[in-house]
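Please look at the sequence and structure below before reading on.

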Amino acid sequence: MNAKQLATLRHDWTKEEIKTFFEMPFNDLMFLAQSIHRQNFDPNQVQVSTLLSIKTGACPEDCKYCPQSGHYNTGLDKEKLLEVQKVVAEAKQAKEKGASRFCMGAAWRSPSDKDMCYVLDMIQQVKALGLETCMTLGMLSGAQAQQLSDVGLDYYNHNLDTSPEFYGDIVTTRTYQDRLDTLENVRQAGMKVCCGGIVGMGEALKDRIGLLQQLANLEQHPESVPINMLVKVEGTPLDAEEDLEPFDFVRTVAVARIVMPQSHVRLSAGREQMNEQMQSLCFLAGANSIFYGEKLLTTGNPEADRDRMLFRKLGINPEQHEQSCVEQTREADLLASLRNSEQTPLFYDAAG
Ligand code: SAM
Ligand code: DTB
Ligand code: SF4
């Protein structure tokens, strides 16, 4: 198949078709992915998000890759919920440094009612800064998704992580169907979906194929597809996992670009372990989004200065967040109402 034939969005990919892409000669795959990328995006623009952990560690889930799971001893300092004011200050800084989206993550199975009050307030204040907002808070009911959407949350991140077949080897405390249900609730509520997975967890090629098939065959492709390279953290069950062949990572990015041609594909966790050449191969393969800032949630990310230098060397520009008139008016209204409101408590010190 050539790039022209692949121009239309499809939601009926077979495993065999996806396997064919993975097995193409590397140069052919890169050429195809880059051609499709150019049909849909400015090839020299990369979307930039900053990530902040608003509640760290002691998570009841047992995701084997995760340093924040309470099931493993990773020596992580647990943190209570951050004060809203502190989060807003971090968001301001992120905007000043050039991020267009601010992503907030909490180590919860799902948010409680009390948690919801706190995050709803936070979303409104971060949005008022003119940033796009994203949250990842675990599983959501339909009603919770609607509440988040109603206050203007732009994106919700919830990953499928791997194929349905391999999933049980990685997580036992929530099912694949639970994840699909949350994604459906997010869509129904009208938010944009950020959904991807992790490679390098000891999965086989068929699992990477299975993950991409699940993502690409969702009724609507996720607007944002994070491809994470496993960050091996001591104390997690996957800490001694063998390194993934780097070209297999690049191929995964390229195939994600081909099967979800209009989605932003994010070169997500694991960039600190990649050299500049590896990252630039990922951009060539169609990655057009990154996390920017020294920290992901609990692990390291390249220094912002290094990323700025890399962008300069490659002639890449950070994508600007274009606000519609409706959004601009909404932002002005939000700012005014925040100023006028009898200051809702900015502090929330409940331990998550
Ligand atoms: N607790 C929420 C949840 O799981 O939905 C949100 C936070 S969780 C840390 C978000 C995602 O980060 C996970 O779904 C996983 O894909 C990714 N992640 C976590 N630990 C990782 C690691 N060590 N390496 C790569 N990706 C990781
Ligand atoms: C995603 O897919 N990757 C980000 C974000 N969504 C929330 C998280 C990566 C976490 C890496 C491990 C850590 O820093 O704790
Ligand atoms: Fe908890 Fe999310 Fe980590 Fe799983 S990935 S242990 S749900 S923080």
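A cavity is a set of points, on a 1 Å grid over the protein atoms alone, where a 1.4 Å probe fits but cannot get out, and a molecule sits in a cavity if more than half of its atoms lie within 2 Å of its grid points. Ligand 2 sits in the largest cavity in this sense.

## Basis of the model

This is a predicted model, in which local features need pLDDT of at least 70 and side-chain atom pairs count only at pLDDT 80 or more, while totals for chains, interfaces and linings use all residues. Residues are numbered from 1 along each chain as its sequence is written, chains are lettered from A and ligands numbered from 1 in the order in which they are written, and side-chain values use heavy atoms, with hydrogens and water left out.

## Ligand 1

The space taken by ligand 1 is the largest cavity. Ligand 1 is surrounded by 18 residues (a residue counts if one of its heavy atoms lies within 4 Å), and the closest of them are Tyr65, Thr136, Asn159, Asp161 and Val231. By class, this shell holds 11 nonpolar, five polar and two charged residues, where Ala, Val, Leu, Ile, Met, Phe, Trp, Tyr, Cys and Pro count as nonpolar, Asp, Glu, Lys and Arg as charged, and the others, Gly among them, as polar.

## Ligand 2

Around ligand 2 there are 13 residues, the closest being Asn159, Asn228, Leu297, Thr298 and Thr299, and the shell comprises six nonpolar, seven polar and no charged residues.

Side chains provide polar contacts to ligand 2: a polar side-chain atom of Thr298 is 2.6 Å from an oxygen atom of the ligand, and one of Asn159 is 2.8 Å from an oxygen atom of the ligand.

## Ligand 3

The space taken by ligand 3 is the largest cavity.

## Salt bridges

Side chains of opposite charge can pair when their charged atoms come close. The whole structure contains 15 salt bridges, each a side-chain nitrogen of Lys or Arg within 4 Å of a carboxyl oxygen of Asp or Glu. One of them joins Arg187 and Glu223, whose closest N and O atoms are 2.8 Å apart. Because Arg187 lies in helix H7 (residues 176-188) and Glu223 in the loop between helix H8 (205-216) and strand E7 (224-229), this pair ties together parts that are 36 residues apart in sequence.

Arg208 and Asp248 also meet in a salt bridge, at 3.9 Å from N to O. Arg208 lies in helix H8 and Asp248 in helix H9 (residues 246-259), so the pair ties together parts that are 40 residues apart in sequence; helices (at least four residues) and strands (at least two) are DSSP runs, numbered from the N terminus.

Key:
1 Å grid on protein atoms, 1.4 Å probe; cavity = no way out; pocket = protein on both sides within 12 Å on 5 of 7 lines; lining within 4 Å. Polar contact = N/O pair within 3.5 Å; in protein donor to acceptor, adjacent residues only side chain to side chain.
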